[in-house]
Amino acid sequence: MKILKLDAPIGENRLDRSVQGLIGAPLPRTDGVAKVTGGAAYSADHTADAIGYLVTATVAGGWVEAIDIAAALAAPGVLAVLPRQPGLPAALSTQAIVPEPRAVHHVGQLLAMVVATSFEAARHAAGLVTVHYGGDRAGRFDLADVADAAIVPPPFMFGPDQGTGDTGAALAAADVRVAADFTTPAQSHAAIEPHISRAAWEGDRLTIHAGYQMLARGRALLATALGIEAARIRLISTFVGGGFGGKTGMSWESVFAAQASRLLGRSVRVAMTRRQVFGATSRRSDTIQHVELGATRDGRLTGIGHDGIVANLPGDNFWEPTGMGTFDLYAATSRSITHRLAEVDMVRSGMMRAPGEASGMLALECAVDEMAEALDIDPVALRVMNEPDRDPLHGRAFSSRGLVDCLEAGAERFGWKARSPRPLQNRDGGWWTGMGVAAAIRVNIFDSSEARVRLAADGMLMVESDLTDIGTGSYTVLAQVAGELLGLPMARIRVALGDTDLPASAGSGGSYGAASAGSAVLLACEDLIDRIAEQLGVAAADLTFKDGMVIGGNHATPIETLVPLAGHGRVEPGTSNRTISQAAHGAHFAEVAVNAVTGEIRVRRMLGVFAAGRILNARTARSQLVGGMIFGIGAALGEELLVDRSSGRFVNGDLGDYLLPTHADVPDIDVVMLPEHDDHVNPLRAKGIGELGISGAGAAIANAVYNACGVRVRDFPIRLDRLLSGLPEA
Ligand code: MOS
């Protein structure tokens, strides 16, 4: 096994001299045909002998006195009714909380599962289960009501208070000061594939088919919940229909499915309904944010304050890190970033695409726009003027930083010069039009991963990792990495993913999946190359791999004649992520039209320019970035998980009422990826991009809305009722 710990600069490696022409190439997904022809087997495509249907809590507090299952058990086709086992955590996540037995924490919490011979029979019988509740069932559902009671939360990734210098003094002494309050709503991941588990036991070994993002971690959590050794569980997620953070950790239906399957001695499958996905998995926290900026008259930021209050269930230590993008986006001699956590009785707040930046940069990047206006400085120029040369919070050097390049290239490409600095200047028929900009930054993360490559006798290369492909292109990019290093065309590579029987990776999440698992693949290939060099008696450095041939020592040897050979690689984070500041960067530009009378907002154009290290596949990378930018349209204009304050139920907890951007809402989106060489992040030199596209995207739209019609809406999403009163003609 070849092992690399990221303690030092990467130095040159084989990927730096592309021979096979695969790295970065905009290749279509290797699993694309299987997906569009129905050949790709998702978890729900695995049949089972029995089908489960989940019973959920209808109250937001108190406890379960009793669950009356007699009527359900007597219903036709019913095989079993499993109440939730007492004492297990309410959420199976990395921050699982261990509550009182039988406690009800929120409406929608899973309480029982009915198992029957058919879906219809299980659903019918689930309606016959009666839950008797005790205790106080009133809940807290509005962050504004409980914000005053918010506490300093324990560290999560970093401490809740971060800062440098005397921000209060800097703000007080500033020539120009902007202070603004923002709110962002709760959101749901609502991936197109609902949470679903199919469980089957063979002796004392359990196999679960379920769509999860991180298998090794998920398996450990499931093992704890079931009280068995992790090694006895095989978790398979061959294809995953979207995750966005909602499929990190484990969800409860997996436990029910495993228990029911063991009880009945047959395979059991259970899928959540869409409403259950909204109510029983996790959500993005709503936030209340206060941003203060101080600047000199000539536009130098001197103080930055960013305070966030977020919500979660009592006892859960996850908090949405709203200030993360504020750590090092702009130079300023002082900054103060705080996070407070308030208790609500709603489904768990967890990680959702770009946790922190997605909601935090809506506030920060709109406040920077307000500062640009107050200073009468162009918002692109203001950002460029305040570019730091070191991470201003920690004083560390940047591994690479393309923010200014992105802003400048974007301004040029978008035609930013045509923007009017003041609002209500551009009219197109009944519409005001305007342009907005925002910076994008997303912390770059890396986590331990292993991978194996094997040359088979038929000349095919097997690439193996438990990394998942959650729609991102993992199958494709790992094949590109291996093909590039070993000089094999894509058709000669098979990638096996999403199975805990394969070498453990960091999984998909935090935008680190491709870089982490891909780096392990790189090391596995180097390990294999060392073995080939040994076999040929040639130094590895003197070997070139191209089109299936191993060239070196005056010979060209077909690689398939060297089998069987295998390579194994492992990468681990080292000191690099503590000594060098690492992030991916970008700039968002948006043009919108606001109807002067109705307030209707249409996004007309969007451009995102990004610098994210080496791009592994220009097509799948672009798809990730476009997807993030569309999330940004949703965050700015539509997405909002609404709770009924009398009951704690989600009013719009389904895809009929929860507003997502549709095709008609999404304009042509232009994406540019600037070349960037990074010698610290990982041996692929690739930074995360999955979450970069959303970071700042909504703020560019909000700033464009202001530039069009002169109304600043600081409570997201920008609904018509929040905009109309400010429109002169409305
Ligand atoms: Mo991500 S929010 O870690 O899928």
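Trainee: How many bridges join strand S25 (residues 549-552) to S26?

Mentor: First, the ground rules. This is a predicted model, where local features need pLDDT of at least 70, side-chain atom pairs count only at pLDDT 80 or more, and totals for chains, interfaces and linings use all residues. Residues are numbered from 1 along each chain as its sequence is written, and side-chain values use heavy atoms, with hydrogens and water left out. Now the general idea: strands of a sheet pair through backbone hydrogen bonds, either parallel or antiparallel. Helices (H or I, at least four residues) and strands (E, at least two) are DSSP runs, numbered from the N terminus. Two strands pair if DSSP finds at least two bridges between them. Here, four bridges join S25 to S26, and the two run antiparallel. Val550 stands opposite Thr557 in S26.

Trainee: Which strand order does the open sheet have?

Mentor: The order is S24-S25-S26, three strands with antiparallel pairing. Strand S24 (544-546) and strand S26 (555-558) are the edges, each pairing on one side only.

Trainee: What pairs with strand S15 in the antiparallel sense over nine bridges?

Mentor: Strand S8 (residues 176-184) does, and so does strand S16 (residues 301-312). Ile288 in S15 is the bridge partner of Thr183. Gly294 has Gly303 in S16 as its bridge partner. S15 and S16 form a hairpin with five residues between them, and Gly299 in the turn has a positive phi of about 100°.

Trainee: How many residues of H16 are buried?

Mentor: 13 of the 13, so H16 is largely enclosed by the rest of the structure. Just after H16, Gly710 takes a positive phi of about 80°.

Trainee: Where does Leu660 lie?

Mentor: In the loop between helix H15 (618-637) and strand S31 (669-673). Leu660 is partly exposed, at a relative accessible area of 36%.

Terms used:
Buried means under 20% relative accessible area, exposed over 50%, partly exposed in between (1.4 Å probe, protein chains only).
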